[in-house]
Amino acid sequence: MIRSWRRLRASRHARKEQPARKETGASLIEKDPVTTTPRNGITYDRVNILIENERIIPVCSVEVLEINSKIKTACETQDQVGCKDLVAKIKEWAKESESNKSCIVDNAAVSVLAAAFESFSKTCLDENVSVLEEILSTLILLFPLEGEALTHLGSASSMGCMIRFLNSGDLSRRRNAVLLLTELVSSDSDQRKVNVLSENEGAIEALFKLIEEPISPTATKAALVVIYHTIASSASVNEKLIHKFVDMGLVSLLLEMLVDAQRSVCEKALSVLDGICSTDYGRENANDKPLTMPVVVKKILRVSELATELSVSILWKLCMNEKREEKTAFVEALQVGAFQKLLVLLQVGCAERTKEKVSEVLKLMNLHRDRLECVDGWTKGL
């Protein structure tokens, strides 16, 4: 090893001592500004072509349209191997540069990929897992999805495939599936996709598992977004799904997550908890948890404006809908310093809707202040 290193060092030293070599005709040609045409029909300086391996030649519309046509043909013949190779090429282009991504999107490749995903999801999934996985991982690179692509991916067969990936043991599949579901439910104005998702066997359990056993911060946040949209749909579905999530133990998981969560996770977890507290069953379960009031009150004026608004909304729902004669929710809120925090919030200012909720809660809290002294020390160190 030492001898090899010394020989290498000596060789470099010898090269340094050699006189400068006069440029030959070939070297001059390499620097000639004359242009040539590479694979995509666009002209580049010859020197740039010679170092193509060190720079990225952008993809062109002709190439994208050509590969779109080949993918459609592969779908018609159910050629999963050929389709996978074509999709892998698009993924390679997308990873090269943002300009490539724009070209791919502008030439409708996203819709073609989504249609291919739907096509292969209708047949034997066991045989098509490989191509479906390739399409899924490529679509993730081309967010946001729009129009026709969302229609193809929102079909029963496509969503059924995503749920199957969610329940698989492959972490990459689970992550990509929940990210794609986030795109679908976030753009679902008529709740149809949400309904398909919530009615699909195993979907709720798979989403809960991503919270219970996190695989990555990205997947956790995506799962929270999907859960929020599923419980924020029509009232009849809300009650059913919230009941199911609550029975699975989601409230406890959310509270534990909120103790030291980063801003983005905190806001999403509070959104889900706020949705759960929209029902009697959800509020009853939240009121039974000793962490609920300390955690919710602590997030007021601590994380972000959105987190404050959500925390106030949760506090308002728990206090204003209190059914216990002892009005325990008010007492617990007072014990952890909610009264003082809400007063400060009024002073610093907040959204009008939040201000109204704060005022209502403060009026009722004032009636219970004589039952105990307000102390904020309970939450210190939480």
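**Exercise 1. Which residues form a nonpolar patch on the surface, and how much accessible area do they have together?**

This is a predicted model, in which local features need pLDDT of at least 70, side-chain atom pairs count only at pLDDT 80 or more, and totals for chains, interfaces and linings use all residues. Residues are numbered from 1 along each chain as its sequence is written, and side-chain values use heavy atoms, without hydrogens and water.

Step 1. Set the rule. Patch residues have over 30% relative accessible area and no salt bridge; nonpolar side chains (Val, Leu, Ile, Met, Phe, Trp, Tyr) are joined within 5 Å, like charges within 9 Å. Areas come from the Shrake-Rupley method with a 1.4 Å probe, and for residues only the protein chains shown count as cover.

Step 2. Name the members. They are Leu-301, Val-344 and Val-348, with about 240 Å² together.

Step 3. Check one of them. Val-344 lies in helix α22 (residues 338–348). Helices are DSSP runs (H or I, at least four residues), numbered from the N terminus. Val-344 has 35% relative accessibility, so it counts as partly exposed. The classes are buried (under 20% relative accessible area), exposed (over 50%) and partly exposed in between, with a 1.4 Å probe and protein chains only.

**Exercise 2. Find the buried residues of α23 and what covers them.**

Step 1. Locate the helix. α23 spans residues 352–368, 17 residues in total. From first C-alpha to last, α23 reaches 25 Å, close to the 24 Å expected at 1.5 Å a residue. The expected span is 1.5 Å times one less than the number of residues.

Step 2. List the buried residues. They are Thr-354, Lys-357, Val-358, Val-361, Leu-362, Met-365 and His-368. They cover an arc of only 135° around the axis, so they sit on the same side of α23. The arc is that of the directions from the helix axis to the C-beta atoms.

Step 3. Look at the other side. Glu-352, Lys-363 and Leu-367 are exposed there.

Step 4. Find the cover. It includes α20 (305–320), α21 (328–335) and α22. Contact means heavy atoms within 4.5 Å.

**Exercise 3. Are Lys-317 and Asp-274 buried or exposed?**

Step 1. Find the pair. Lys-317 forms a salt bridge with Asp-274, with the closest N and O atoms 3.0 Å apart. A salt bridge is a side-chain nitrogen of Lys or Arg within 4 Å of a carboxyl oxygen of Asp or Glu.

Step 2. Lys-317 is in α20 and Asp-274 in α17 (residues 263–276), so the pair ties together parts 43 residues apart in sequence.

Step 3. Classify. Both Lys-317 and Asp-274 are buried.

How values were computed:
Helices (H or I, at least four residues) and strands (E, at least two) are DSSP runs, numbered from the N terminus.
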